[in-house]
Amino acid sequence: MIKKFFSRGYIFLVLAFIYIPIFILVIFSFNAGKTLNIWEGFSFKWYANLGVVGDVVLNTVVLAVVVAVTATILGTLGAIGMFYSNGKGGKLMKGISQIPVVNSEVVTACALIMLFLLLGLSNRSLVGLFLGHLIITTPFVVLSVLPKLKQMDPSLYEAALDLGASPRQALTKVILPEILPGVFAGFMLAITLSLDDYIVTATLSPLGFDTISTAVYKAIALTTEAASMKLPIYRALTTIIFLLTVSVVVVINVRSKRKQKREGGK
Amino acid sequence: MTELSTKAMTKSGKKFKFGFNRKQLCIPYALFLVMFVVIPLFVILYYAFTSSDGSFSFANFAEFFTNKTKISTLLISILIALLVTVICLLIAYPVAYILSKMKKSIAFILLLLFVTPMWINFVLRAMAMKELLSLIGVSPGSFANIIGLVYDFLPFMILPLYSTLIKMDTSLEEAALDLGANKSKVFIKITLPLSVPGIISGAMMVFLPVMSCYVITDTFSGSTGFTVIGKLIAWCFLGENGTLTNVNGGATISLVMLVIMFLTMLATGGFKSDNSTRGTNL
């Protein structure tokens, strides 16, 4: 009983450590004043001003979606190809594919800059930014698709061929549906990694192109007058992102639970 | 599997065609990897071993290893990364252990609560912690940095630990208890050694990123100037108006970072990829 009390208490404490900062931000996003220490009355004014950061949000979302779609296609095809190339080539490729996963983002981004420099290209461009994000996201798509390929019954593909399917049909009608959960997980991962990224964006994006990460960084770390004026607006934005995240997590998991139940009931 | 499929392929007479087809799919990704992962590594080598006029030299390394500020930043980064990894491990291990012993349905919900903040932008989370610290009067500096780093990296440690502990064969623990070992002995002799893979992949998710995570140190250092090695690299590439200030110097530090990365990988026996998925496939 006492043990249970302690373990529950411990879990509660760690959760408090994780959530208290977020909750404080959420509460003070409704503060009429700009600072955290003085409550000047309840107000929605920072939410009304969210339009000011609209372009930043748009940049972030468009970039993340374009990157995630490309990374998912590139990574899924790559994973299927790698999985079926046994031998040295496949192994080497799996190894190389791990490099961006373990490498630090600064080194990844700066290596890309040096490549552009050597080729005589500009170090800051939308193409460079897109490529940078692709490098840090695609290996994670590969990582989430590969286990699903391993779990798949290898004879399914051959059965499809024996029954008269063309290789392409076998791929789209047999392999793809089997690995779809992995593909979806990879897509979600690519989206979050791109949304989350600061370093690659800060080093490769064209000047004046800000995502949420770089804009918030400017407001809190550099604390220029104009940037820190936006701080309360970012609190409101955090609140909205937090609520969106929570609802997406709940919806996805309730759906997968239901699916599990349905499949379990068969 | 290969033998079987070869047989099937010859039987249907499509051996060459479809064997070729499936492998072909990875060509775009292979080209991508060569262009943007392999070649850039050699480009780093090239710039690290040349001076700004393009001639071969060791000057960048001489400069790095004799520059007191740079060397101390490197050492401090390693120390901070170790410290943050250990703190995260000490906080996360009991969490993962308690969760792994709970009823599955409750543990699942709690785990979701722990990993949900990972989907909130990481700079926004840093902002939240920074505002809380200034609210309760913790002044900027190394202590604030450690709190900020632990705050941002804790979920990355909980997840791999939990997935290792939950996969563990509980009958081993039961057997040890039956054979007369007490609970602490079971933990030290059975549970802890079996969870080492989780500890390693958790540590990899924290140790290396902390060394380059200058966003957090910039946020929590204030005017103390406390920073990590990643900032030194970024400085070489983040000139005021988009100019590159010191490409060769940056390449040298990048190379040092790469060496540290490979040494860490060697020491830990590679990266356990199945735990690195941030909980999207919980």
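**A salt bridge and the interface around it**

Let's start with one pair: the side chains of B:Glu131 and A:Arg235 form a salt bridge, with N and O 2.7 Å apart. Keep in mind that this is a predicted model. In general, side chains of opposite charge can pair when their charged atoms come close.

So where do the two partners sit? B:Glu131 is part of helix α7 of chain B, while A:Arg235 belongs to helix α12 (residues 231-265) of chain A, so the pair joins two chains. Across the interface of chain A and chain B, the rule finds one salt bridge, and over all chains the count comes to six.

Now zoom out to the whole interface. Chain A brings 95 residues to the contact and chain B brings 93. Between them the chains bury about 8600 Å², and 78% of that is on carbon and sulfur atoms. On chain A's part, A:Val102, A:Met114 and A:Asp196 supply 8% of the area buried against chain B, more than any other three residues. There are polar links too: ten residue pairs are in polar contact between chain A and chain B, both residues at pLDDT 80 or more. On the side of chain A that touches chain B, α1(A) gives the most, with 15 residues. That side divides into 68 nonpolar, 19 polar and eight charged residues.

Helix α1 deserves a look of its own. Running over residues 2-28 of chain A, α1 packs against helix α7 (residues 122-135) of chain B at an angle of about 85°, with the axes 8 Å apart. That angle makes α1(A) roughly perpendicular to α7(B).

Which residues meet there? From α1(A) come A:Phe17, A:Ile20, A:Pro21, A:Ile22, A:Ile24 and A:Leu25, and they meet a set in α7(B) that includes B:Leu124, B:Met127, B:Leu132 and B:Leu135. By class, this helix contact has twelve nonpolar residues, no polar ones and one charged residue.

Terms used
Residues numbered from 1 in each chain as written. Chains lettered and ligands numbered in written order. Predicted model: local features only at pLDDT ≥ 70, side-chain atom pairs only at ≥ 80, totals over all residues. Heavy atoms only, no water. Axes fitted to C-alpha atoms, helices over the stretch in contact; angles between N-to-C directions. Helix = DSSP H or I, 4+ residues; strand = E, 2+ residues; numbered from the N terminus. Parallel < 35°, antiparallel > 145°, perpendicular 65-115°, else oblique. Contact = heavy atoms within 4.5 Å. Nonpolar A, V, L, I, M, F, W, Y, C, P; charged D, E, K, R; others polar. Buried area = accessible area lost by both parts, 1.4 Å probe. Salt bridge = Lys/Arg side-chain N within 4 Å of Asp/Glu carboxyl O. Polar contact = N/O pair within 3.5 Å; in protein donor to acceptor, adjacent residues only side chain to side chain.
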